[in-house]
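Dear colleague,

I am passing on the structure below, together with notes on what turned up when it was examined. Please read the notes with the coordinates open beside them.

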Amino acid sequence: MSSSEDEMPLARGRRKPNGRAVLPGKADPVEDESMDIDATDGKVSKVINGTSSKRKAAMKPAIKDEDDDEESDSAPLSKRRRTTVNGTKKQLVDSDDEDDIPLSSSRRRSTKSMKEDSESDFEDDDDVPLQKLAKDKKNTEKPTPKAAKATPKGKQAAKATPKTQSATKRKPKDETPSDASDSDIPIAKQRKTASAKKSKAVKNEEDSEEPTPAKAKKGKGKAEAPAPKKAAKGKAKKEEEAEEGASPDGEEQTDEYKWWLAEQNDGNQKWETLQHSGVMFPPPYELLPKHIKMKYDGTPITLAPEAEEVAGFMAALLEAPQASDKKFLENFFADWKTVLKETGGAKDKDGKTVKIQSYDKCDFRPMFEHFTALKEAKKAMSAAEKKEAKAEREKIEEPYQYCQWDGRKEKVGNFRVEPPGLFRGRGEHPKRGMYKKRVYPEQITLNIGKEATVPPPPKGHKWGNIVHNQTASWLAMWTENINGNVKYVMLAVTSSLKGQSDFKKYEKARELKKHIEKIRREYTQELSDKQTMVRQRATAIYLIDKFALRAGNEKGEDEADTVGCCSLRYEHVTLEEPNLVHFKFLGKDSIQFDQVYTVDKQVFKNLRIFKKAPKGPGDDLFDRIQTKHINEWFKDHMPGLSAKVFRTYNASWTMQQELSKMKNVGTVMEKHAAYNEANKKVAILCNHQRTKSKMHDSQMEKKMYEIKALMYQKWRLKQMILNLEPKLKKKKPEYFKPDEEIDDEDWIKEHQQWLIEEEKKKIEKKFAKDNEKLVANGEKEMKASELNSRLSVLSDMKKDFAKENKSKKVEAAGKSPSVEKFEEQIAKIDDKIQVKTGMMKDKENTSEVSLGTSKINYIDPRLSVVFCKKFGVPLERIFPKTLRDKFKWAIESVDENWEF
DNA sequence: CACGGCCATTCCGTATCATTGAC
DNA sequence: CGTCAATGATACGGAATGGCCGT
């Protein structure tokens, strides 16, 4: 049985715990490839043959041959491979093959030897002139391991970029604004000057377009209202901040730390002093009321608190998709049974133990219904009650919200300990459904200043550990039980610390600008390197650069099967002559990556080689490289360079290109739409998707129907005009044609039916309501005959429609009908149609693209700020409040000439 | 180990619809 | 009786948050 499993071509399940895909009964394709390559040249092939024989000899121990291997580059790879291969025996046999095709694995041996294949591939490959080989050889030897590695050491020093310093000179470190409102004066000023410079026309538009009026009408004076007016702005801002400074003395917000005006602290130390309140725990579990009991095999059962709690987690999901996910249920059930065992199991009403053996016999419904009722009760709370509850919550949270970081008040991010629950995972995570346990203070380590007072642990508990790690930015941590991952409590994204690293991230990306040409030149050249490893590396880097792929570390058996660049497998890439590549795989978070790209010829050729038989589904495309190899290469070309930097760089670069194409014309709304369009390009580049909501299609259909209904109404009105002025038809025949969407008799008839139905419902509803009222007033209900008479309009409608359908004419309706009146109504309908189609398009357009992620993480915020300044678009249109906070550094530090 | 990225979910304000009352 | 404004209820969609994922 196990042998048959070995033969399964599927990747999944054949991965070793370390994640390497294992080729069952197959030796390393890699080496063959390199042999082949080298074989193109007589001289080299000699070397290779040496290697190969060595390899054969040292097949399983593998590692050793590296040292004496002359072709150092390929050796490490084979080493890696060897260590993970399970079918050692087979390989050994295979490797006896004279052809040096260890692959052999009878399962998919190609008739043509791999050697031949590759040879031909590289032969028609004139990118690698023979004479060059000697030189290349040298090159490849040079950058061997250790020597290169030393370089990135300068990284730390280089990190404090000159840019940072230049920003520094503006103001000395300890400069503190005199009061809170002070901080927004500069903005106001900038804004003023900017908008003054910008066209007045724009401002007028703003006034007319902004949703402000509506809000104002509502009497909400909130600063949030996009009121572009300078004066209004300043005032509003102040209010806002006053509100935020919860404490009565508006003092505390005053010395907001403008790190971008300050000296950068270099080195590893993150703080000097640190005081905080620790973490907030979820409320303890409260037992369900006695009468709420789940059933097993029809018997109501009593559970220990923890077992009941876990059961409740499942009960809550009864109508969620998880409830029909076998794996989820299986994992849940296993963990739940463990809890049951530990807590004395389930008892019936007489205290007799009930054995829980089958999920199918569990009935969580009573619990589910109880939860649903609770939810509704909560929803039904009066506004005042809700407000009170909220205030109470906030009061409890208050101490955790902020910490003192080097004496400054900084916002804390996730101070709440994650509550227990069932692990959800993304995609087909093998651990989904497992019980995520409650975290107790004893498991928590606090990181806090030596001088600080340690926050008291919850009563009856103590903290697991207290440390004073000044090189760490976390305030607290614990280890979660599902994957054994460490969870950290850190500062909020709006904190100065995070702001600084955000800033550094973008500066790093901008630094790449200076190197990108050289980098591209070099990897392009390496695309035709004679060594497979180098080629694979170059190809991978090409993909990372062009298509913004992630690096793609190996993953373990107990993680979802998702891939990035280096972990792409055979089946993820399909080639289509002459140079189209179809990528289809699950990326981070199990998000589908499904794109067809045109690639460089050489890249296409390389991919074809990397897919050569005997590789098949389940095999690594880049079998000779790992992320560490590309990372080493990156670091050699620029300190701190990584695949992520490419993503940031390309995203921001794309945005800059798109924005610079734009002209300062049109309304604010149009400009905003254009911005979103650019944003969308970036999102697509980064493959930021969102799942179309389940409702999406039906909502679309509904909208479409509404639009058609409007068109029909319009058409009828036009017919009525004709009814009044038949002559008009000759004058403007186009005008009186029905929209083609509704040019369909069957549809019209259906629609008429629908209209009648709707009308009927409406009348019945009204009747019922009227009756209710009468009863409430102690009067008698109306009789059914009244309803019938009211419903008689329906038959009139029917008749009218029938008549219309026959005569193709519509009688003018309404009192004192006139052409003008009809035209007015038509205009209104046209407006509605316009609006609706616009909304539809927009919705469809962004239904599967998520703009947020790239806006938050990849597009240099300074680009957006510049955009707003240049085009007079209120920043609030682009950045909602939290983003304005997060990007304060960007908002306050650029003028409109700034470039990425 | 530590940190940033990233989608789904939840939260919350606004738009829209329905209802009522005044004119 | 129709219209319009005011008000209330609800649906909707963007913003904030949460917690899982990858490097």
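Ser652 is buried, at a relative accessible area of 0% (buried means under 20% relative accessible area, exposed over 50% and partly exposed in between, with a 1.4 Å probe and protein chains only). This is a predicted model, in which local features need pLDDT of at least 70 and side-chain atom pairs count only at pLDDT 80 or more, while totals for chains, interfaces and linings use all residues. Residues are numbered from 1 along each chain as its sequence is written, chains are lettered from A and ligands numbered from 1 in the order in which they are written, and side-chain values use heavy atoms, with hydrogens and water left out.

Ser652 belongs to helix H24 (residues 643-661), helices being DSSP runs of H or I with at least four residues, numbered from the N terminus. A polar atom of the Ser652 side chain lies 2.8 Å from the backbone oxygen of Tyr858, and a polar atom of that side chain lies 2.9 Å from the backbone nitrogen of Asp860.

**Helix H23**

In helix H23 (residues 627-637), the buried residues are Thr627, His629, Ile630, Trp633, Phe634 and His637. Seen down the axis of H23, these buried residues fall within an arc of 165 degrees, so they line one face of the helix (the arc is that of the directions from the helix axis to the C-beta atoms).

How values were computed. Helix = DSSP H or I, 4+ residues; strand = E, 2+ residues; numbered from the N terminus. Polar contact = N/O pair within 3.5 Å; in protein donor to acceptor, adjacent residues only side chain to side chain.
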